[in-house]
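This report covers a pocket and the packing of helices in one protein model. The sequence and structure are shown first.

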Amino acid sequence: DNVAYFELENVHELASKMLKLINSKPEKDILINKGNKSLKKFSSKAFVKDFENIIFQKIIKLKNILILHGSNDLYGASKVLLNVVDCLNANQYKVHVILPFKGNLDNKLIDIVHKLSYFKLGVFRKKYLNFFGLINRSYNILKSTIQIIKYIKNNEIDIVYSNTSVIWSGILASYISNRKSVVHIHEIPYGNNLYNIVSGFFFKYFVDSIIVVSKKVRDHWGKY
């Protein structure tokens with residue numbers, strides 16, 4: 001109500017409104033006062049903040065990234081995870097993290113991630129390469145894959161990031177859900193070539209991007 005309205009493309013009405021404002025000081029003063037009051041509601045900071053919200057929420061949709069981690073401690077790979085989360089937050093990602101159980105890492109993550117959850121992820125290690133171990137892992141990997149697929153759908157996840165080479169359920173879930181999959185490999189598993197071959201097959205055919213922590217890790221997995 002702090003402007004003078006006229007019908008679009010009606011030149012005569014526009015001229016009439018302009019003459020009225022020129023010739024009527026009281027009406028002009030009323031509009032000026034109302035305009036000044038409205039102006040006090042706005043600031044450059046508020047404008048920038050509202051503009052950023054429109055850009056990120058309406059034009060550039062914030063990407064949801066799901067991170068899967070195979071432990072809950074404060075050692076090497078977990079420290080890398082914390083650095084990754086900080087980097088993603090700085091780049092406007094909404095970070096979801098799934099851990100296999102509760103532990104010391106929770107307190108570090110709870111305030112810096114969008115959502116923290118716990119699933120049995122069916123972590124696959126060399127010790128399961130036996131008859132009963134393979135049955136156990138097959139069941140747990142299948143179960144956790146289904147859970148992760150549901151999580152991806154319910155939370156509109158765009159990228160699945162596995163912070164280890166031993167969580168195959170995340171790789172399968174992202175592949176089935178047609179989402180981008182990233183695996184961050186820290187491990188060099190020695191002593192069982194079959195394990196390396198099978199893992200290498202998964203990485204080659206079901207993963208979009210692979211990150212390694214060192215040249216030595218890259219050289220090891222490059223053979224598979």
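## Pocket and helix packing

The largest pocket holds about 150 Å³ of space. It is lined by 14 residues, and those closest to its centre are Ser 71, Ala 77, Arg 125, Thr 164 and Glu 187. By class, the lining consists of three nonpolar, eight polar and three charged residues. The model is predicted, and totals for linings use all residues.

The table gives their geometry.

| Helix pair | Angle | Axis separation | Crossing |
|---|---|---|---|
| H6 (residues 131-154) and H7 (residues 168-176) | about 50° | 8 Å | right-handed |
| H7 and H8 (residues 193-206) | roughly 25° | within 11 Å | left-handed |

H6 and H7 pack at an angle of about 50°. That angle makes H6 oblique to H7. On the H6 side, the contact is made by Ile 141, Ser 144, Thr 145, Ile 148, Ile 149 and Ile 152. H7 contributes Trp 168, Ser 169, Gly 170, Leu 172, Ala 173, Ser 174 and Ile 176. Sorted by class, this contact between H6 and H7 has eight nonpolar and five polar residues, with no charged ones.

The axes of H7 and H8 cross at roughly 25°. Angles under 35 degrees count as roughly parallel, and H7 and H8 are therefore roughly parallel to each other. In H7, the residues that meet H8 are Trp 168, Ile 171, Leu 172 and Tyr 175. Their partners in H8 are Val 198, Ser 199, Phe 202, Phe 203, Tyr 205 and Phe 206. The contact of H7 with H8 divides into nine nonpolar residues, one polar residue and no charged residues.

Trp 168 and Leu 172 of H7 take part in the contact with H6 and also meet H8.

Definitions and conventions:
Residues numbered from 1 in each chain as written. Predicted model: local features only at pLDDT ≥ 70, side-chain atom pairs only at ≥ 80, totals over all residues. Heavy atoms only, no water. 1 Å grid on protein atoms, 1.4 Å probe; cavity = no way out; pocket = protein on both sides within 12 Å on 5 of 7 lines; lining within 4 Å. Points joined across faces, edges and corners; volume = space filled by probe spheres on them. Nonpolar A, V, L, I, M, F, W, Y, C, P; charged D, E, K, R; others polar. Axes fitted to C-alpha atoms, helices over the stretch in contact; angles between N-to-C directions. Helix = DSSP H or I, 4+ residues; strand = E, 2+ residues; numbered from the N terminus. Parallel < 35°, antiparallel > 145°, perpendicular 65-115°, else oblique. Left-handed = near helix turned anticlockwise from the far one by under 90°. Contact = heavy atoms within 4.5 Å.
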